[in-house]
Amino acid sequence: MMMMNETPSSSTTASSSTIRELIAFRIGEQEFCIDIMSVREIRGWTPATPLPRAPGYMKGVINLRGAVLPIVDLAARFGLATTEPSARHVIMVAHVGGRLVGLLVDAVSDIIQMDGATLQATPDMASDQVKAFVKGLFALEGRMISLVELGWIIPDVEAQAA
Amino acid sequence: MNDAVDPFEAIKVVFFQECDELLGDLEAGLLAIEGGDTELETVNAVFRAVHSVKGGAGAFGLEDLVRFAHVFETLMDEVRAGRKACDDTMVKTLLRASDVLADHIAAARGQADPVDAARSAGLVAELEALTRGEVYVAPAAPVSDPVMDALATDRTGMDAGLAGGEAQAEAPFEPVPVMPGLPQADEFGFRPVVFDLKALDTLPPPAVANGWRVVFRPRGRMYAHANEAGLMLRELARLGQATVTLDASELPDLEAMSAEEGYLSWTVDIVGASESDVRDVFDFVGSDCDTTFTALADVAASAEAAPAFDIAALLARAQAEVAAPMMLEPIVSMAVAPPAPGAAPVPAAGTAPGTTTAATARPAASASPAASPSVTAASAAPTIRVDLDRVDRLINVVGELVIQQAMLAQRVVESGLARSSGISVGLEDLELLTREIQDSVMAIRAQPVKSVFQRMPRLVREVAEMTGKRVRLVTAGEDTEVDKTVVERLAEPITHMLRNAIDHGLEGPDDRVAAGKPAEGTVRLAALHRSGRIVIEISDDGRGINRERVRGIAVSKGLVAEDASLSDEEIDNLIFLPGFSTADTVSDISGRGVGMDVVRRSIQALGGRITIASSPGKGSVFTLSLPLTLAVMDGMVVSAAEQTLVAPLTAIVESLLPRAADVHHVGGHDAVITFREKFVPLIDVAQVMGFRTEPVPPSSGVAVIVETEAGVRAALLFDAIQGQRQVVIKSLETNYQQVPGIAAATILGDGRVALILDVDALVTNARRKPVRADLKMAS
């Protein structure tokens, strides 16, 4: 848990005064965004092969042109309701660490530019689970968008065992 | 590694690749000698390896490497010529020298720090001392004394004849006492210094003293290595004014002639060239031909001493033999003017004066060396060096092709086309071709494990030296072939395990003797194929695992509970736990507590398993079992609770439809099935995997009897068997992580991912832990 908190805070300070291009997506009523550079492609939902003994947010694996791509239900990962995927759901294929991971979201909404200075820290009221992934909040045209840190989307073997 | 690389650098890369092979040959040869091999060819192979390293290093200006290799080579040349016996001390020194040579190469390659100068110098001194320990003066040694040179020359000529004679397995040669200044005929009647060229018009006036005489006798090998005597003669001619004399006296009758042998030799007198320039010409062919270098002044002196004798002896010999035409003209002389444009020496010999009688024989003679390179090239299997990345890319693409082909086939079936339609027929041909391409590509990657095994003797020597133990390494099955990736990734775990076997497993010499064992410990490294996998065994005859101690340490480190009841097997397996180390002090060799943990993980990453069998006082056996290839495997496609799974065919014994009467329940959850009058555990895979919570009656499904690496049998219960198929293995760890019970994934014809079962883990887990259908929900 300690390590989970370290990464978001250290990268917040690093990016505080730069303009970043982000890709925004929707899960239920909430809007999130991630760095556009980490997204490799966006594709529609295809049925995934479930993995045994995997955490509930792991939807399974799909075939991405010959590579085995794990699918993470971001809603479940963030502690929201588990997604029942359908054809209108979207998979964002993103680089996370050295891996390629498919992120299951409701819809991709926008490409936005954000000034690092406008980023506000995640309030203390948020749960540990939220704080592990949301590294800051910012306002855009009256909406609130959470900036997501992907580093800990898939836990390491040790973290899962603990 | 791309096209932009300097061509010179690219050649250098190839040189270093060759060095690796040469070092392997060198070590293998020395070990064979150590083991009692007395074949001259083995010694020659060792000499050639050192010499080739030196030759290549010289071309790249790697001074340190050349200097060291030269000293090494000098001693090897002594051994090769039979002037120095290769006793035990000598072999040990040579082995250490080969290690330092490897260090020099690594340093030149930039892979390692510069070689420890003191160590290198020490070995140089040792090698030189061994070389000097002889009464004779080595011809290849840089002797500057011209008197000694002159004395050495005649003997060298003889030795060359001797070496050549034995290599070609011809008539045994009786050594003739050396008489300095009075050359003797060897059994070939080969007279390097007899025919002085004074009789020829082109001969320079007696100012021969500042030149060199080279006697050059190529062996068949030289032509096989695509060197051409004619080109070398031309190169010599460029150095100064050269007079070339052909000696064809060794040519046998046409019927007796072997197309791949070299029978011709040349004597070249070069005026106005330095010794080093002359020697440089032969740098790359040194071991493939016999050469002697003599200052012309010395030649003149010795030749004048007995010219009449030589001619008489030659005539006598010529008459004594059945007179083949060529025997009347054993030696043809010709002169090559320095630029010598376009005049290839061998064919030109036919135009020399006084050759008419030999006209019929000579074309055959000159054809012999010229024809040999192409003949040899065709008979020896030609090989190419290919960057591994290119092969891997090819394999990946072929993997995609197989998947795509399967998907296409399925679409065609789904579209309802008739089986006899053109498309279906064409698709079947495509499938055959695809399979063939895949097999061929996989064969490219199969490599013997030799390349890894060869590195181990050095490691064992070093570790033995550091620990003060006496160790003999025995290897077996070096030629066992396995996928290149597997071979490469074997080196590290084997290294770790050998270190452990010596450091922890073997006792010191005194303890061993006290325990009634030979003072020298034996570590055995063996590879073999077993049921579609490669098995590597590392065994030692040491003290075995001290279970008391292992358990105590595991408890003290909090790795197991104090009151845990553990079987011997479980205690042995504790050494694989992260952070476990039994070494009292952390040494350079092992004992950092990462060894066996890392070993197990790297083996698992290859889809392999590691098991220990240890008996106290007798030693331990570590067995690695690995797949032959990481890319494809034969699997049985099955379904369980609407999921498609693949079971590795290698683990499957047979399948059967369970009858309700054969299934018996043991306790609340577990069941056994009668199979050949024995009860084997029945594992409901869908339930273990968490795909289904409610058990189904076993009689509604199919039971597949599997056998684990350890020989444990179990029955896996599936809903149905879909068929048998070769599947392309896709790692789950690339983008995710290891999943218990799952070995890997594959992509089926419909484009969906199917999981490949890890039968061993399934059976073992099912045996040890209660079935927990709620696992999927638990986290």
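Student: In strand 7 of chain A, which residue is the bridge partner of Ala94(A)?
Tutor: Val101(A) is the bridge partner. Bear in mind that this is a predicted model.

Student: How many bridges join strand 6 and strand 7 of chain A, and in which sense do they pair?
Tutor: Seven bridges. Strand 6, residues 90-96, and strand 7, residues 99-105, pair in the antiparallel sense.

Student: What holds strands of a sheet together?
Tutor: Strands pair through backbone hydrogen bonds, either parallel or antiparallel.

Student: And what is the order of the five strands in the open sheet of chain A?
Tutor: The order is 3-6-7-5-4, with mixed pairing. Strand 3 (39-44) and strand 4 (58-64) of chain A stand at the edges. Each has a single partner strand, so one side of each is left without a neighbour in the sheet.

Student: How many degrees does the twist average from one strand to the next?
Tutor: The twist averages 30 degrees.

Student: Switching to chain B. At what angle do helix 3 and helix 4 of chain B pack?
Tutor: About 160 degrees, with the axes 9 Å apart. Helix 3 covers residues 63-80 and helix 4 covers residues 88-109. Angles over 145 degrees count as roughly antiparallel, so that is what helix 3 and helix 4 of chain B are to each other. Their crossing is left-handed.

Student: Which residues make the contact?
Tutor: From helix 3 of chain B, Asp64(B), Leu65(B), Phe68(B), Ala69(B) and Phe72(B). Helix 4 of chain B brings Ala97(B), Val100(B), Leu101(B), His104(B), Ile105(B) and Ala108(B). The contact residues divide into nine nonpolar, one polar and one charged.

Student: New topic. Is Ala715(B) buried or exposed?
Tutor: Buried. Ala715(B) has 28 other C-beta atoms within 10 Å, and 20 or more is enough to count as buried. Ala715(B) sits in strand 20 of chain B, residues 713-718.

Student: Which residues does Ala715(B) touch?
Tutor: Leaving out residues up to four places away in sequence, its contacts include Ile673(B), Phe675(B), Val680(B), Pro681(B) and Leu682(B). Take Pro681(B): Pro681(B) and Ala715(B) are 34 residues apart in sequence, but 6.0 Å apart in space, C-alpha to C-alpha.

Student: Last one. How many residues does each chain give to the contact of chain A and chain B?
Tutor: Chain B gives 29 residues and chain A gives 21 residues. On the chain B side, helix 14 (388-414), strand 22 (742-747), strand 23 (753-757) and helix 25 (775-778) each supply at least two residues. That side of chain B divides into 15 nonpolar, ten polar and four charged residues.

Conventions: Residues numbered from 1 in each chain as written. Chains lettered and ligands numbered in written order. Predicted model: local features only at pLDDT ≥ 70, side-chain atom pairs only at ≥ 80, totals over all residues. Contact = placed C-beta atoms within 7 Å. Helix = DSSP H or I, 4+ residues; strand = E, 2+ residues; numbered from the N terminus. Nonpolar A, V, L, I, M, F, W, Y, C, P; charged D, E, K, R; others polar. Pairing = 2+ DSSP bridges. Axes fitted to C-alpha atoms, helices over the stretch in contact; angles between N-to-C directions. Parallel < 35°, antiparallel > 145°, perpendicular 65-115°, else oblique. Left-handed = near helix turned anticlockwise from the far one by under 90°. Buried ≥ 20, exposed ≤ 12 C-beta atoms within 10 Å, placed from the backbone.
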